[in-house]
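Please read it alongside the structure shown here.

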Amino acid sequence: MPGRVSPLATNSKSGNSIESARRTLAARLQSAGIEEAALDARLLVGAALNLDLTGMIAQAARRLTVEEAARLEQYAQRRLAHEPVARILGMREFWGLPFRLSEATLVPRPDTETVVELALEIFRELPTSGRRPLIADIGVGSGAILLALLHEIPEAFGVGTDVSLTALGTARDNAAALGLSDRSGFIACYYAAALSGPFDLIVSNPPYIASADIANLSAEVRDHDPHLALDGGHDGFDAYRALIPQAAERLAPGGALIVEAGQGQAQGIETLLTAAALIVDRSPRADLSGMPRAVSARKMPA
């Protein structure tokens with residue numbers, strides 16, 4: 001029995017060129033209430049046809065093959081079910097670098113680049129001359145934060161920890177793809193428990209969503225990001241309470257801890273940092289929406 005014919009795979013002269021397929025998909029996504037429908041449609045068409053933007057423009061009038069249309073329709077159905085484009089494509093760009101994803105890793109988001117920005121600013125102030133700087137990323141996930149920092153600090157060595165072996169494998173693969181395997185290592189442990197240090201920088205984007213709030217997240221996050229990387233306990237601070245004292249013990253004198261914060265959490269995180277004998281010496285760094293996103297503190301210099 002023949003399979004169902006895709007709405008993107010008709011024999012009519014309209015609706016099956018690359019340009020018309022893109023427009024049709026954008027309209028379908030927009031009708032389903034999906035934000036950035038036009039961008040998502042362009043990315044999915046490009047992935048289905050293995051074309052970049054220049055190629056799509058140059059071949060705009062070319063008709064899709066039956067195989068291309070079927071592949072695009074599969075992507076369309078997944079996006080209409082609110083699966084993020086990054087999950088469909090299996091990768092996401094972060095800090096201008098490509099990162100492969102897996103079911104055990106969060107999709108890296110632009111807001112998290114705020115942590116990288118602040119970490120780089122603080123690193124430039126650290127007294128690390130004459131020795132190799134050491135960086136740790138607690139809860140490394142895909143490796144986005146750690147590998148972005150290593151990309152920007154070529155003299156540094158970095159270690160990423162995670163409780164998920166799948167996430168560690170993903171981060172290790174991303175390190176290899178970016179040519180950073182020789183300057184990075186990955187360890188399975190609970191936060192920083194297996195690390196000894198001392199580290200000049202420790203960074204983390206821990207789970208910080210209050211357990212009861214997870215049900216209210218967007219379907220893209222709630223249904224597709226790993227809950228282990230989202231659930232911060234009853235008040236969203238469980239991970240901070242665990243990792244901050246561990247990180248404080250493993251920082252070098254004058255070293256810094258930088259963590260990502262959720263909505264309304266910056267002040268509470270600063271209280272935990274101070275309780276761990278760390279010095280909060282600057283205001284949190286806001287993301288593009290103006291929300292305090294990256295919170296930092298230093299260990300007392302020797």
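Of the contacts (heavy atoms within 4.5 Å) that join residues at least 6 apart in sequence, 67% are between residues at least 24 apart. The model is a predicted one, in which local features need pLDDT of at least 70 and side-chain atom pairs count only at pLDDT 80 or more, while totals for chains, interfaces and linings use all residues. Residues are numbered from 1 along each chain as its sequence is written, and side-chain values use heavy atoms, with hydrogens and water left out.

**The chain as a whole**

- The chain has 11 helices and 10 strands, where helices (H or I, at least four residues) and strands (E, at least two) are DSSP runs numbered from the N terminus.
- Along the principal axes, the C-alpha atoms fill a box of roughly 75 × 40 × 35 Å.
- Of the 302 residues in the chain, 51% are buried, a term for under 20% relative accessible area with a 1.4 Å probe and protein chains only, as against exposed at over 50% and partly exposed in between.
- Carbon and sulfur atoms account for 54% of the accessible surface of the chain, which comes to about 14000 Å² by the Shrake-Rupley method with a 1.4 Å probe.

**Aromatic pairs**

- The structure holds 3 aromatic pairs, meaning rings of Phe, Tyr and Trp (its six-membered ring) with centres within 6.5 Å, where planes under 30 degrees apart count as stacked, over 60 as edge-to-face and the rest as tilted.
- One of these pairs is edge-to-face and joins phenylalanine 94 to phenylalanine 99, at 6.2 Å centre to centre and with 75° between the planes.
- Phenylalanine 94 counts as buried because its relative accessibility is 1%, and phenylalanine 99 counts as buried because its relative accessibility is 0%.
- Tyrosine 190 and tyrosine 191 also form an edge-to-face pair, at 4.5 Å centre to centre and with 70° between the planes; tyrosine 191 is buried, with a relative accessible area of 17%.

**Helix α8 and asparagine 174**

- Helix α8 has 13 residues and spans 18 Å from its first C-alpha to its last, close to the expected 18 Å, which is 1.5 Å times one less than the number of residues.
- The buried residues of α8, including Leu168 and Thr170, pack against β2 (97–100), α7 (144–152), β4 (157–162) and β5 (184–188).
- Asparagine 174 lies in α8 (residues 165–177) and counts as buried because its relative accessibility is 3%.
- Leaving aside residues up to four places away in sequence, asparagine 174 touches Pro98, Phe99, Arg100, Ser142 and Leu147.
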